[in-house]
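Subject: Structure for you to look at

Hello,

Please find the structure below. My notes on what was found in it follow.

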Amino acid sequence: MRRQEDARYMALALSLGRRGQGRCWPNPAVGCVIVRDGRILGRGWTQPGGRPHAEAVALAQAGAAARGATAYVTLEPCAHHGKTPPCAEALIAAGIARVVCPIEDIDPRVGGQGFAMLRAAGIEVSTGLMADEALSDLSGFFLNRAQGRPFVTLKLALSLDGRIATATGESKWITGPDARREVHALRARHDAVMVGAGTARADDPSLTVRVMGLDHQPVRIVVSRRLDLPLMGQLARTAREIPVWICHGSDADPALIEAWEGLGARLFSCELSGRQLDISSVLQELGAAGLTRVFCEGGGALAATLLGADLVDELVIFSAGLMLGAEGRPGIGALGIGQLAEAPRLALLEDRRIGADVMSRWTRASA
């Protein structure tokens with residue numbers, strides 16, 4: 001019975017934590033529920049910008065009633081002094097009797113110390129429940145801490161024969177309105193939206209979330225070695241209102257660097273790999289800037305680069321019921337694959353209908 005209750009409240013804490021995705025970087029999107037005698041006393045999630053933490057929000061709601069209660073937290077409570085006191089200390093001071101938490105924080109400032117503080121104070125600590133779900137939700141934060149890069153979701157909207165546009169470049173709209181709304185929801189759950197220079201030039205995108213009624217927007221990123229982007233386009237005109245970050249090569253024209261900085265964009269000089277930007281360097285720069293989750297919307301060249309470097313953590317494909325033929329523009333550029341054994345293998349996570357289209361989610365296949 002107790003384990004069933006624990007699972008129910010932990011599922012709620014995980015769902016609360018997801019509300020912070022895309023809003024609280026560089027901090028993890030954590031959820032917290034405080035329960036005593038079957039009654040929820042407080043609930044919270046990491047707030048925009050990363051403060052206050054989920055535990056602080058839930059404890060403030062619970063007040064004095066938190067004494068003797070159980071706290072369900074989706075990541076080990078922090079144990080270090082930063083902009084706020086440690087959450088482990090706050091749980092102890094509130095008189096929490098038990099903490100249920102799926103996973104330990106790999107941040108070296110925490111790394112088991114939060115659990116140790118709680119146990120030293122006589123609080124029962126239970127770990128491991130729904131650990132896989134928590135690891136999935138927090139994968140961007142963990143990747144940033146372990147590898148210095150964000151989690152990358154690659155999205156492609158394709159015809160049935162794998163094309164993203166006609167031979168003339170027409171692509172609006174391959175998928176229907178329901179699929180497009182889902183894309184906006186996905187954008188909202190990521191810290192940033194990223195496209196290649198070709199897409200920025202051809203589509204003049206805004207890369208904003210426009211159908212969710214949100215009070216925040218993801219960072220907009222363009223990967224452009226030469227910085228040869230339209231200085232009068234939508235991104236340029238709105239760079240002071242919604243962040244625009246551009247990853248460019250060290251050989252970019254200084255005049256263009258000055259122009260984009262003058263428009264309010266943040267620029268990142270990245271390493272080169274032959275005639276292209278080194279995509280690993282790009283992601284390391286973005287990780288160092290605090291991003292944990294990046295939503296890449298192509299185009300084909302950037303998609304191929306990410307796939308070829310094995311830097312796509314999740315692939316989301318929206319398939320529409322039309323065919324554009326061999327003359328259409330492929331969704332993925334050249335990968336240089338000569339043998340089937342060299343092709344990236346993916347495992348299906350989800351497959352569902354959205355309006356007239358089909359959305360499938362894929363991740364790396366197990367070895």
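**Cavities**

Helix 9 (residues 234-237) contributes 3 residues to the lining of the second largest cavity, the most of any contributor. Please keep in mind that this is a predicted model.

The space in the second largest cavity is about 60 Å³.

How many cavities of 30 Å³ or more are there? The count is 2. The largest cavity holds about 80 Å³ of space. Its lining is made of 15 residues, and those nearest the centre of the largest cavity are Asn27, Pro28, Ala29, Thr292 and Arg293. By class, the lining of the largest cavity divides into 6 nonpolar, 6 polar and 3 charged residues.

As background, rolling a probe the size of a water molecule over the atoms shows where empty space is left.

A residue is called buried when its relative accessible area is under 20%.

Which strands pair with strand 15? One of them is strand 6 (residues 151-158), which pairs with strand 15 in the parallel sense over 6 bridges. In this pairing, lysine 155 stands opposite valine 316 of strand 15. Another is strand 18 (residues 357-364), which runs antiparallel to strand 15 and is joined to it by 5 bridges. Here leucine 315 stands opposite tryptophan 362 of strand 18.

**Cysteines**

How many disulfides does the model have? The count is 0. Cysteine 24 is in no disulfide, and the nearest cysteine sulfur, that of cysteine 87, is 12 Å away. A disulfide needs two cysteine sulfur atoms within 2.5 Å. Is cysteine 24 buried or exposed? Cysteine 24 is buried, with a relative accessible area of 2%.

Cysteine 247 is in no disulfide either; for this residue the nearest cysteine sulfur belongs to cysteine 270 and is 4.4 Å away. Cysteine 247 is also buried, and its relative accessible area is 0%.

Regards

Conventions. Residues are numbered from 1 along each chain as its sequence is written. This is a predicted model: local features need pLDDT of at least 70, side-chain atom pairs count only at pLDDT 80 or more; totals for chains, interfaces and linings use all residues. Side-chain values use heavy atoms; hydrogens and water are left out. Two strands pair if DSSP finds at least two bridges between them. Helices (H or I, at least four residues) and strands (E, at least two) are DSSP runs, numbered from the N terminus. On a 1 Å grid over the protein atoms alone, a cavity is a set of points where a 1.4 Å probe fits but cannot get out, and a pocket is an open set with protein on both sides within 12 Å along at least five of seven lines; lining residues have an atom within 4 Å of a point. Grid points are joined across faces, edges and corners, and a volume is the space filled by probe spheres set on the points. Ala, Val, Leu, Ile, Met, Phe, Trp, Tyr, Cys and Pro count as nonpolar, Asp, Glu, Lys and Arg as charged, and the others, Gly among them, as polar. Buried means under 20% relative accessible area, exposed over 50%, partly exposed in between (1.4 Å probe, protein chains only).
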